[in-house]
Amino acid sequence: MPVGVFIGGLGIALAGLAPTYALAFLAIVLSGIGVAAFHPEGSRFANYLSGSRRASGMSLFSVGGNVGFALGPVMVTPLVLAFGLHGTAFMVIPAVAMAVVLFRELPRLVTFRHAAAKRLEQAGVRDDWSAFLRLAASWRCAPSCTSGSSRSCRCTSSGT
């Protein structure tokens, strides 16, 4: 999670420093990779921390993400007005700050993962890989088109 936050912020910071559109594109792709690395684990830990109030925890995680998305332009605009496009480089500061906070909190957060695993184990919930593999093997993606139109093709289960 800390690395994902850092890479996401680094990509945004580098976007304004890029001398070409191709490099700006690569910086944004880097940012997207960081965001993609953070979100699965971030939502998983939000779930762990929520305990029995999972819907509330995931709602807060979602609202927090939307607030962050809304604050991005509010933070970048004054920097770009003051320093030009190179002002985006300052966006690495909050990214580093949050990565450090997450890094320092990670040992404590991991305890919630272990507690959630214990609760599932006590409830008798376990991974059933054989059932997953049977389900995955039963699906195929073959043209199942109607009325000759390729726009209505879809994947179907071989079991149906």
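1. Phe112 belongs to helix H4, with helices taken as DSSP runs of H or I of at least four residues, strands as E runs of at least two, both numbered from the N terminus. The relative accessible area of Phe112 is 28%, so it counts as partly exposed; the scale calls a residue buried under 20%, exposed over 50% and partly exposed in between, with a 1.4 Å probe and protein chains only. Phe112 and Ser50 sit 62 residues apart in sequence, yet their C-alpha atoms are 9.5 Å apart in space.

2. Some ground rules before going on. This is a predicted model, where local features need pLDDT of at least 70 and side-chain atom pairs count only at pLDDT 80 or more, while totals for chains, interfaces and linings use all residues. Residues are numbered from 1 along each chain as its sequence is written, and side-chain values use heavy atoms, leaving out hydrogens and water.

3. Now the overall layout. The protein has 5 helices and 2 strands, in the order α-α-α-α-α-β-β from the N terminus. Of its 160 residues, 19% count as buried. Taking contacts between residues at least 6 apart in sequence, 52% join residues at least 24 apart.

4. What makes up the largest nonpolar core? It has 7 residues: Met1, Phe38, Phe45, Tyr48, Leu102, Leu109 and Ala116. A core here is a set of buried Ala, Val, Leu, Ile, Met, Phe, Trp, Tyr and Cys residues joined through side-chain atoms within 4.5 Å. Helices H2 (21-50) and H4 (92-122) each supply at least two of the core residues. Tyr48, for its part, is in contact with Phe112, Arg113, Ala116 and Arg119, leaving aside neighbours within four places in sequence.

5. Next, the H1/H4 pair. The axes of helix H1 (residues 2-15) and H4 come within 8 Å and cross at roughly 175°, which makes H1 roughly antiparallel to H4. Axes are lines fitted to C-alpha atoms, for helices over the stretch in contact, and angles run from 0 to 180 degrees between N-to-C directions; over 145 degrees counts as roughly antiparallel. On the H1 side the residues include Val5, Phe6 and Leu10, and on the H4 side Val96, Ala99 and Phe103. By class, this contact has 13 nonpolar, 1 polar and no charged residues. In that scheme Ala, Val, Leu, Ile, Met, Phe, Trp, Tyr, Cys and Pro are nonpolar, Asp, Glu, Lys and Arg charged, and the others, Gly among them, polar.

6. Two serines in H2 are worth a look. Ser31 is found in helix H2 and is buried, with a relative accessible area of 7%. Not counting residues up to four places away in sequence, Ser31 touches Ile7, Gly8, Gly11 and Ile12. Ser50 also lies in H2 and is buried at 17%; beyond neighbours within four places, Ser50 is in contact with Gly57 and Met58.

7. Is Met91 buried or exposed? Met91 is buried, at 11% relative accessible area, and its place is in the loop between helix H3 (54-83) and H4. Aside from neighbours within four places in sequence, Met91 is in contact with Gly9, Ile12, Ala13, Met75, Val76 and Leu79. Met91 and Leu14 are 77 residues apart in sequence and 9.0 Å apart in space, C-alpha to C-alpha.

Key: Contact means heavy atoms within 4.5 Å. Angles under 35 degrees count as roughly parallel, over 145 as roughly antiparallel, 65 to 115 as roughly perpendicular and the rest as oblique.
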